[in-house]
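Hi,

Here is the structure I promised to pass on. Please open it alongside this email, and my notes will follow below.

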Amino acid sequence: MSARPDTRPLLEVAVGIVEAANGALLMARRPAGKAYEGWWEFPGGKVEAGETVADALARELHEELGIEVGLSVPWARREHSYPHARVNLHFRRVLAFDGVPRGSEGQQVSWFERADPPPEPLLPATVPLMRVLTGPRRALILDRANPAPGSASVAPSPIPGRSDAGHEVWRLARGPAPMAGTDGVLVEPAEFTQASARSDGGLVVVRCRDERTLADVDAGADLLLYEGKVDTAARAFELAQRSPAPVLLMRAGVSWPGDDALPQAMAQAGIWGLAHRA
């Protein structure tokens, strides 16, 4: 029997993924007296009437942690039904801030390295995001007829991470069916529901050929791959704003700026990473 739809009012919530210069992530433990007491979460709070998500996040992090947000960019949206509330979570990466984070409301706060297991217990809505958040920022798209790229080289990525030999790249097979030796699948929007029902825990990445497709994909995909041309930072930021999931760009379609400046430019535009064809 399928669960009944949750018809409670949707509470808009801004959530901050605060990142240190070394890539560590800041998390907070919910204090006594709140729902899910003692569970770990990314800090944030309710978007008040008249606020943008970015403004709400800046206010919440100032109130909760005593920091001033210098730069935050969109990352993902997720809707989740908790026993106490139905929430629409707007995750934003906080790439610059002033101050030393401290729990202003009695909550414990701590930095966690991306390579370490996340703290437990972790709020349920956050769990599905952790694999992407702590994983590679590059994807290799494999042809099912020739799944092993062999000696074919992938252009060196300007995105920090281990080498291909260290598997710091998501290996994606085209189509909804799992394939041995890969981390997930790259599917068309019409295949998304079928692929997302997989039981093997692999990534589901949705292929978006244009901006309209990207904006219309149902929330829940692990990543979205945008295949259109992106020639300015403003264009990239617009895509990130509209997307319900972290965005990968095809490296061949990115014409701004040069490789040396690309990592910082992509981060500031809200783009998660790059994809290459094997």
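To begin with a question: is Arg 93 buried or exposed? Arg 93 is buried, with a relative accessible area of 3%. Please keep in mind that this is a predicted model.

**Salt bridges**

Arg 93 has a charged partner: a salt bridge connects it to Glu 19, with 2.6 Å between the closest N and O atoms. This pair ties together distant parts of the chain, since Arg 93 sits in strand β6 and Glu 19 in the loop between β1 and β2, 74 residues apart. Glu 19 is buried as well, at a relative accessible area of 10%, which is under the 20% limit for a buried residue.

In the whole structure, the search finds 17 salt bridges. One of them is between the side chains of Arg 8 and Asp 6, at 2.7 Å from N to O. Here Arg 8 is partly exposed, with a relative accessible area of 29%, and Asp 6 is partly exposed with 23%.

Another to look at is Arg 277 with Glu 227, at 3.4 Å from N to O. Arg 277 belongs to strand β14 (residues 273–277), while Glu 227 lies in the loop between β12 and α5, 50 residues apart. Arg 277 is partly exposed, its relative accessible area being 44%. Through shared partners, salt bridges join Glu 188, Arg 207, Arg 209, Glu 227 and Arg 277 into one network.

Helix α1 covers residues 53–65, and its 13 residues should span 18 Å at 1.5 Å a residue; the end C-alpha atoms are 17 Å apart, which agrees. Its buried residues are Ala 56, Leu 57, Glu 60, Leu 61, Glu 64 and Leu 65. Viewed down the axis of α1, these fall within an arc of 125 degrees, so they line one face of the helix. Elements covering them include β1 (10–18), β5 (68–81) and β6 (86–98). Just after α1 comes Gly 66, with a positive phi of about 75 degrees.

In helix α5 (residues 233–242), the buried residues Ala 236, Leu 239 and Ala 240 lie within an arc of 100 degrees down the helix axis, so they too line one face. They pack against β5, α4, β12, β13 and α6.

Three strands make an open sheet in the order β3-β2-β7, paired antiparallel. Its edge strands are β3 (40–41) and β7, each pairing on one side only. Between β2 and β3 there are 2 bridges, and Arg 29 stands opposite Trp 40 in β3.

Best wishes

Notes
Residues are numbered from 1 along each chain as its sequence is written. This is a predicted model: local features need pLDDT of at least 70, side-chain atom pairs count only at pLDDT 80 or more; totals for chains, interfaces and linings use all residues. Side-chain values use heavy atoms; hydrogens and water are left out. Helices (H or I, at least four residues) and strands (E, at least two) are DSSP runs, numbered from the N terminus. The expected span of a helix is 1.5 Å times one less than its number of residues. Buried means under 20% relative accessible area, exposed over 50%, partly exposed in between (1.4 Å probe, protein chains only). The arc is that of the directions from the helix axis to the C-beta atoms. Contact means heavy atoms within 4.5 Å. Two strands pair if DSSP finds at least two bridges between them. A salt bridge is a side-chain nitrogen of Lys or Arg within 4 Å of a carboxyl oxygen of Asp or Glu.
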